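Open the model in your viewer and keep the selection tool ready.

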Amino acid sequence: MDTHDYKGTLNLPRTSFPMKASLSLREPELLAFWERERVYEKALANRKGGRPFILHDGPPYANGDIHMGHALNKLLKDMVVKYKTMRGFYSPFVPGWDCHGLPVEHQLMKELKVRKHQIDRARFREKARDYALRFVDVQQFKRLGIFGDWERPYLTLDPAYQAAIIGCFGRMYLDGYVYRGMKPIHWCPACETALAEAEVEYDDHTSPSVYVAFEAVSGIEKALPGARGASLLIWTTTPWTLPANRAVAVRPEFEYAAVRMKGRLLVVARELAGRVADELGEPAPEVMGVCRGRDLEGAVAAHPLTGDGSPVVLSNHVTLEQGTGLVHIAPGHGDEDYQIGLKYGLEIFAPVDGRGAFTKAAGRFAGMRVEEANRPIVDELRGSGALLLSREIAHSYPHCWRCRRPVIFRATEQWFIGVDRRDLRRRALEEAEKPPGSPSGGAAGSPACWSRGPTGASRASATGGCRSPCSTAPAAASRF
Ligand SMILES: [Zn+2]
């Protein structure tokens, strides 16, 4: 067979462009070229006087090597900034680093192999500062080809940055936005710290499941004829929150029935009566009377541990998915409980310290850790006849993302920024809605963040020094 050199007969493109990408070699060359030619600075100089488009960089923590999430985040931002620059906008990009907070502390503690209280605070802050600066210096984002002012990033530990935040905070304080109050938050007793919503992971956990009768003291008979001498039946998987009980919640539109079970008269949601009877090992109960939840509002039951009055309150959080349709409310130990507490003026009571142990305010349970206190509390309820059933259930429960231990809800004294005071929330949302390119457009933080919740809790419980005292006021902070 003849052999022909067909290659010579093809009209192939002639190019100096290499056939192989060899990215690991080419990229550094390209980046060096951009840097040598000051391409970012020149592009910016060309757009001087153009309409500004400022992308505010939500900074990553300076606590370690970057990961794929960081890469994706910065690359998307870079595309937007480069695109806007090509469209004629003046679009400088100032990258930032969050040098404070638990992610930095946690990594440092791992490196030092110490726990929080094993090290002097001032010394720890110095080390945390050095640690954060070390990762600012690594400059891994530059390697991704991100254009920006990498020599002058904004650092949350920069005194000028902190001074601006303090100045803004001072203005908010003088204008009456800042106040102190109690609010429950996710708390890790092992790490002794507050956890943000995103730092909580749900995992299987075995908890006690208890049915507890709250003896009605007043108002019940009027609302529910035939309920003379009845008790309100609640179900909980956290008996340790019972010392902090301040109310019993029902749903206004649900039907509640007085039924006979375990030789006593109990009030439960009518729809759940059969299921509760099954659970308690009782036959289908006889219904002695029925009313709506809203009729029960204002009735008072006796706290099963202290005998204090525990009023019936209304809440739309109550569901028929599990339990009895009556919910024990501890405003210091639950988010919904807290909302109800605010509405009804209940005490935001949380007699639990940072290590998850009961304080003196918990009386005879003082000193016990909450998980150890479940048993004596259940024993006491059994002794007084208030306990109708106690067993264990496996369910999904919040855990700390760092130590993987179960977390608790615990009210702590916190500083708040009253975002509903003086119309601040509406004004911030309006700012956030302004089109990108306007001086403050898009600078007001996430609209979702401003839309939810009654207040923003400012978070300053970290050891690693003063984070922004108004970390929930991104609008004000990013204006400077
Ligand atoms: Zn933890």
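Are helix 4 and helix 5 roughly parallel or roughly perpendicular to each other? Hold that thought for a moment.

First, some ground rules. This is a predicted model, where local features need pLDDT of at least 70, side-chain atom pairs count only at pLDDT 80 or more, and totals for chains, interfaces and linings use all residues. Residues are numbered from 1 along each chain as its sequence is written.

Select residues 102-112, helix 4, and residues 121-138, helix 5. Helices here are DSSP runs of H or I with at least four residues, numbered from the N terminus. The two axes, lines fitted to C-alpha atoms over the stretch in contact, come within 10 Å and cross at roughly 100°. Helix 4 and helix 5 are therefore roughly perpendicular (65 to 115 degrees).

Next, select Val 104, Glu 105 and Leu 108 in helix 4. They meet Lys 127, Ala 128, Tyr 131 and Ala 132 in helix 5. Contact means C-beta atoms, placed from the backbone, within 7 Å.

Now stay on helix 5. Select Phe 124, Ala 128, Tyr 131, Ala 132 and Phe 135, which are buried (20 or more other C-beta atoms within 10 Å of their own). Look down the axis: the buried residues fall within an arc of 95°, so they line one face of helix 5. They pack against helix 4.

Turn to the face away from the buried side. Ala 122, Arg 123, Glu 126, Asp 130, Arg 134 and Asp 137 are exposed there (12 or fewer such atoms).

Last stop: Gln 139. This residue follows helix 5, and its phi is positive, near 60°.

Key
Axes are lines fitted to C-alpha atoms, for helices over the stretch in contact, and angles run from 0 to 180 degrees between N-to-C directions. Helices (H or I, at least four residues) and strands (E, at least two) are DSSP runs, numbered from the N terminus. Angles under 35 degrees count as roughly parallel, over 145 as roughly antiparallel, 65 to 115 as roughly perpendicular and the rest as oblique. Two residues are in contact if their C-beta atoms, placed from the backbone, lie within 7 Å. The arc is that of the directions from the helix axis to the C-beta atoms.
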